[in-house]
Amino acid sequence: MNGEQRMQTNANEVIIETHGLTKLYQMGSETIHALAGVDMQIRRNEYIAIMGPSGSGKSTLMNLIGCLDTPTDGEYILNGTPVQGLDDDELARIRNREIGFVFQTFNLLPRASALHNVELPLIYAGIPAKERQEKARNALATVDLADRTHHKPNELSGGQRQRVAIARALVNDPSILLADEPTGNLDSKTSEEIMKVFEELHASGQTIIMVTHEHDISERAQRVVTLRDGLIESHDAKADGLMAGV
Amino acid sequence: MFVLEGIWIALQQVWAHKLKSAFTLIGVIIGITFLIAVITVVEGMNRYVQEDFAGSLFGVNTFTVVRRSRISTGAETQERRREQARNPDLTLHDVQVVRSAVPDAWRLAYSSDRGFDEVSYKDRRRRNIRLIGASEGYEALQGWEVTRGRGLTPLDERRGLKVAVIGAEIEEKLFPGLDPIGKEIRIGSQRFEVVGVWDKQGGLFGNIRDASILLPFSVYRQTFARDPSDVDQISVKMRSLEEMEAAQLAVEGALRADRGLRPGDENSFWIETSSELLDTWDKIVRVLFAAIPGLVSISLVVGGIVIMNIMLLSVAGRVREIGIRKAVGARRRDILIQFLAESSTLSIVGASIGILLGIGIGKGVEAFTPMPASVPPWGIALALTLGVLVGVGSGLYPAYRAAKQDPIVALRSE
Ligand SMILES: Nc1ncnc2c1ncn2[C@@H]1O[C@H](COP(=O)(O)OP(=O)(O)O)[C@@H](O)[C@H]1O
Ligand SMILES: [Mg+2]
């Protein structure tokens with residue numbers, strides 16, 4: 001933390017801030033440092049790619065940021081609110097309102113239609129049925145699936161499933177969209193389509209953090225954070241100039 | 001919303017696995033079927049006993065003097081029973097005492113009866129019948145309607161005519177397609193001329209009256225009575241309940257005086273009324289209703305345990321679903337409610353099937369007996385409430401297990 005960063009905070013709202021974020025796993029007598037103290041800041045409308053070799057802690061970091069998991073140590077401040085110490089229900093609320101999570105394996109309810117899958121976060125937000133359906137339809141339209149609302153996941157292609165998952169992540173208007181290797185299960189052509197969707201979302205103001213292995217994908221991000229052995233190896237803020245101008 | 005979700009998921013599962021669901025729900029189905037069947041039958045019997053049976057057996061505003069109580073209420077002591085066993089037989093002298101005690105009786109009749117082997121007409125026979133030797137007016141007092149021919153008359157009695165009025169079942173058996181009036185039937189070694197037939201009662205209690213043969217008392221006494229001085233019962237019918245109660249007291253007093261009983265002595269006879277029968281019926285109903293909770297709760301507990309196991313399996317197979325729901329913002333209580341709704345729906349489906357089966361059994365009883373099947377709304381409400389209770393009770397632990405899943409662990413499963 002230095003003065004310069006604070007200045008930027010005021011100019012360009014920080015929505016995620018971590019200090020010494022640590023996650024340990026105990027495997028028998030061995031302690032695995034999945035995250036060994038991560039400090040980072042993410043501002044509104046950033047598009048960040050997280051890279052690093054397998055096992056470097058990328059997913060662990062995403063799960064912590066997404067409030068799916070709780071850190072062993074360290075601080076995590078989301079929209080000015082320290083997340084540690086929140087109870088289960090408050091974390092559920094944050095996952096519901098502030099976070100949109102896109103998984104490598106889609107994680108759709110297999111027996112539910114695309115529309116119902118997208119409605120799910122709205123159901124838990126307590127939004128009335130009519131408004132819910134309208135929002136869910138709009139979200140599906142955003143990812144070009146307006147004509148697939150009643151298809152079940154197994155009636156959709158991989159790319160379509162991931163777009164349903166993106167619609168679900170977006171539908172409650174989250175502060176941040178998290179995607180952990182969203183194209184990991186897709187062929188390169190479909191990956192390309194999905195990346196376009198993310199770019200459009202970013203262009204319309206969405207903050208995005210994405211884990212990816214592929215350099216050509218990471219190149220589209222404004223900033224690449226590389227993890228190694230649970231630590232940040234480098235911040236490659238190649239779009240610094242652009243960000244300073246925002 | 002997730003209540004609907006739970007209900008919807010449960011209904012889909014029941015529909016998709018009909019046979020498995022039937023087995024899953026068998027405990028609840030049996031318990032509720034039993035509950036509803038008993039309630040239906042007892043309520044129906046209740047109405048029947050109150051509206052028809054008591055009236056048809058004893059007649060309205062009627063009381064009957066007998067040697068000792070024929071209805072065991074279960075309340076008398078051993079000693080009381082032994083004492084009653086020492087009561088003297090009623091005789092024609094007692095009939096005179098009763099007659100002079102209630103000169104304003106609307107109807108008064110006395111009778112004796114016994115079971116008898118068979119009655120025959122030519123080569124047709126009906127076995128296991130009842131012979132009733134009765135004074136004139138007996139059928140009317142019983143409320144039996146002679147539909148063909150005539151009833152017994154004082155003349156039959158005085159002349160000792162060998163005439164008989166027969167029940168509908170006997171007519172059907174001996175005279176299919178024939179007119180029984182004027183035909184000679186054979187009872188034991190004696191021949192009797194059929195002079196009348198009374199209406200059929202049918203059903204469960206119909207045997208008593210439909211398989212009976214009525215003979216003039218004097219003829220019965222000479223031919224069939226085991227002890228010729230015996231009168232089994234003396235019945236008195238009055239025009240109103242108040243008159244009946246007054247007449248009952250008068251008869252009681254007259255018989256006591258005639259027998260020389262002192263103030264402290266128990267009656268050496270017994271007076272039956274329809275209200276006595278109704279009291280007894282009330283007691284039977286109370287015993288039945290007291291037995292239901294035990295039997296029903298056993299099957300419901302078993303049913304609940306089965307549902308609980310099914311729900312545990314269901315939760316175990318849907319950990320990932322739970323993870324997904326939690327990842328998009330489901331709170332513990334949302335998951336809890338979803339699974340409780342699911343188990344309750346299962347249980348209510350079982351209860352509904354039980355209600356239908358129970359009503360079916362009630363309707364079956366209605367079809368084969370004169371009793372109306374009567375399903376009171378409170379019975380259905382009770383069954384549904386029990387269904388919800390079993391569902392919530394059996395779902396609680398599985399739902400709790402589901403609700404406390406850690407989201408990240410749940411998402412990693414499978
Ligand atoms: N639930 C867990 N139990 C034990 N070790 C784990 C668990 N989750 C992750 N790890 C370990 O933590 C490290 C980081 O994992 P992860 O964040 O999944 O890496 P990445 O997503 O970068 O491949 C790895 O060494 C992994 O084996
Ligand atoms: Mg990973």
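Visitor: Which element gives the most to the lining of the second largest pocket?

Guide: In this predicted model that element is α2(A), which contributes 4 residues. Local features need pLDDT of at least 70, side-chain atom pairs count only at pLDDT 80 or more, and totals for chains, interfaces and linings use all residues. Residues are numbered from 1 along each chain as its sequence is written, chains are lettered from A and ligands numbered from 1 in the order written, and side-chain values use heavy atoms, with hydrogens and water left out.

Visitor: What counts as an element, and what as a pocket?

Guide: Elements are DSSP runs numbered from the N terminus, namely helices (H or I, at least four residues) and strands (E, at least two). A pocket is an open set of points on a 1 Å grid over the protein atoms alone where a 1.4 Å probe fits, with protein on both sides within 12 Å along at least five of seven lines, and lining residues have an atom within 4 Å of a point.

Visitor: OK, which residues lie nearest the centre of the second largest pocket?

Guide: Of its 23 lining residues, those nearest the centre are S59(A), T60(A), N63(A), D180(A) and R412(B). Two or more lining residues come from each of β2 (30-43) and α2 (58-65) of chain A and α16 (407-412) of chain B. The volume, taken as the space filled by probe spheres set on the points, is about 570 Å³.

Visitor: And what volume does the largest pocket have?

Guide: The largest pocket has a volume of about 1000 Å³. It is lined by 43 residues, and L109(A), R111(A), A112(A), I9(B) and E321(B) are the closest to its centre. Helix α1(B) supplies the largest share of this lining, with 7 residues.

Visitor: Which strands pair with it?

Guide: Strand β3 (124-134) of chain B runs parallel to β8(B) and is joined to it by 5 bridges, with R130(B) opposite S212(B). Strand β5 (163-166) of chain B pairs with β8(B) in the antiparallel sense over 2 bridges, and there I166(B) stands opposite I213(B). Pairing requires that DSSP finds at least two bridges between the strands.

Visitor: What about chain A, in what order do the 6 strands of its open sheet run?

Guide: The order is β6-β7-β8-β3-β9-β10, with mixed pairing. Strands β6 (99-102) and β10 (231-236) of chain A stand at the edges with a single partner each, so one side of each lacks a neighbour in the sheet. Within this sheet, β3 (47-51) and β8 (207-211) of chain A run parallel and are joined by 4 bridges, and A49(A) has M210(A) as its bridge partner.

Visitor: And the sheet of 4 strands?

Guide: That open sheet of chain A is antiparallel, in the order β2-β1-β4-β5. Its β1 (14-27) and β4 (73-78) pair over 5 bridges, with H19(A) opposite E75(A).
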